[in-house]
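Here is a briefing on one protein model. Read it with the structure open beside you.

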Amino acid sequence: DQFFEYELINVEPGREAKMMALKVHIKGERRMTEFLAPGDMKGTKVLVRSRAELYIYLPAYNKVRRVASSATKGGFLGTTYSNEDISTITFANVYSGKLLSETAEHWVVEASPKEGVKAMYGKLVFTVRKDYKQASELKYFNAKAEHIKTETRTEYSCQGNICNAGVMKMVDHSRGEASTEFQRRDWQVNTGVSDSLFSKRNLQP
């Protein structure tokens with residue numbers, strides 16, 4: 001399991017940048033996210049139990065609702081990350097990879113949806129760092145092969161054999177280059193988090 005705290009900077013054309021903060025627990029395919037700021041989002045929680053099972057708790061209504069699978073293309077609480085981006089913990093169960101090219105520092109891999117698996121994207125192209133065995137760039141394409149988003153992952157560090165990016169930024173080319181940047185403020189590995197954290201019951205205070 002892993003624990004993260006992030007500050008977010010959300011930028012949309014013609015609007016003032018919005019600052020957010022959240023904490024995330026991850027265990028296997030499950031993820032619990034809780035917003036810490038700003039005030040109007042504080043206490044909002046998102047539970048991912050699988051790609052097909054996503055719940056959100058909105059404190060203003062004190063209700064838990066399930067996010068329909070048809071809504072996975074929507075933006076995640078106003079960011080440039082979609083609900084599917086947030087709920088996809090690993091790519092291997094959704095996409096098949098093909099090596100496109102290789103240098104001394106990187107592999108470039110094209111990922112296409114596996115047969116019979118519903119996927120939001122027509123394909124993805126990963127640039128993978130050989131030193132960390134992690135992606136430094138992901139290009140997202142729609143079903144028409146149009147390049148719609150680019151994500152960069154930088155400032156990697158490791159705890160044992162677990163490595164993660166310190167900064168992640170998603171730019172949405174279909175929304176006038178709107179962007180969301182995650183800046184990691186805390187990261188812990190093997191915290192011993194209980195499975196009960198990832199239950200629907202735990203969404204409500």
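Exposed means over 50% relative accessible area, buried means under 20%, and partly exposed lies in between (1.4 Å probe, protein chains only). This is a predicted model, so local features need pLDDT of at least 70, side-chain atom pairs count only at pLDDT 80 or more, and totals for chains, interfaces and linings use all residues. Residues are numbered from 1 along each chain as its sequence is written, and side-chain values use heavy atoms, with hydrogens and water left out.

**Backbone**

- Most residues other than glycine have a negative phi, and most peptide bonds are trans.
- Asn190 is not a glycine, yet its phi is positive, at about 55°.
- Asn190 sits in the segment after E13. Helices (H or I, at least four residues) and strands (E, at least two) are DSSP runs, numbered from the N terminus.
- Lys133 also is a residue other than glycine with a positive phi, near 60°.
- The loop between E9 and E10 holds Lys133, which counts as exposed at 55% relative accessibility.
- Ala37 and Pro38 are joined by a cis peptide bond, with omega about 0°.
- Pro38 belongs to the loop between E3 and strand E4 (45-50).

**Nonpolar cores**

- In soluble globular proteins, nonpolar side chains tend to be buried together.
- A nonpolar core is a set of buried Ala, Val, Leu, Ile, Met, Phe, Trp, Tyr and Cys residues joined through side-chain atoms within 4.5 Å.
- The largest core has 35 residues, and among those with the most contacts inside it are Tyr6, Leu22, Tyr121 and Tyr140.
- Strand E2 (residues 18-27) gives the most to this core: four residues.
- A second, separate core has eight residues, including Met32, Tyr57, Phe198 and Leu203.

**Aromatic pairs**

- A pair of aromatic rings is described by the distance of the centres and the angle of the planes.
- Rings of Phe, Tyr and Trp (its six-membered ring) pair if their centres lie within 6.5 Å; planes under 30 degrees apart count as stacked, over 60 as edge-to-face and the rest as tilted.
- The structure holds nine aromatic pairs.
- Phe91 and Tyr95 form a tilted pair, 6.3 Å centre to centre with 50° between the planes.
- Phe91 is partly exposed at 23% relative accessibility, while Tyr95 is buried at 6%.
- Tyr121 and Tyr140 have ring centres 4.8 Å apart and planes at 55°, so this pair is tilted.
- Tyr121 lies in the loop between strand E8 (106-113) and E9, and Tyr140 in strand E10, so the pair ties together parts 19 residues apart in sequence.
- Tyr121 is buried at 4% relative accessibility, and Tyr140 is buried at 3%.
- Ring pairs also link Phe4, Tyr6, Tyr81, Phe182 and Trp187 into a cluster.

- Ser179 is part of strand E13 (residues 178-189).
- Ser179 is buried because its relative accessibility is 9%.
- Leaving aside neighbours within four places in sequence, Ser179 is in contact (heavy atoms within 4.5 Å) with residues including Ile9, Thr80, Lys169 and Met170.
- Lys169 is 10 residues from Ser179 along the chain, and their C-alpha atoms are separated by 6.9 Å.

**Pocket and cavities**

- Rolling a probe the size of a water molecule over the atoms shows where empty space is left.
- On a 1 Å grid over the protein atoms alone, a cavity is a set of points where a 1.4 Å probe fits but cannot get out, and a pocket is an open set with protein on both sides within 12 Å along at least five of seven lines; lining residues have an atom within 4 Å of a point.
- The largest pocket is lined by 41 residues, and Arg31, Thr88, Ile89, Arg153 and Asn164 lie nearest its centre.
- E12 gives the largest share of this lining, six residues.
- There are two cavities of 30 Å³ or more.
- The lining of the second largest cavity is Glu29, Ser50, Arg51, Ser87, Ile89, Thr90 and Asn93.

Notes. Grid points are joined across faces, edges and corners, and a volume is the space filled by probe spheres set on the points.
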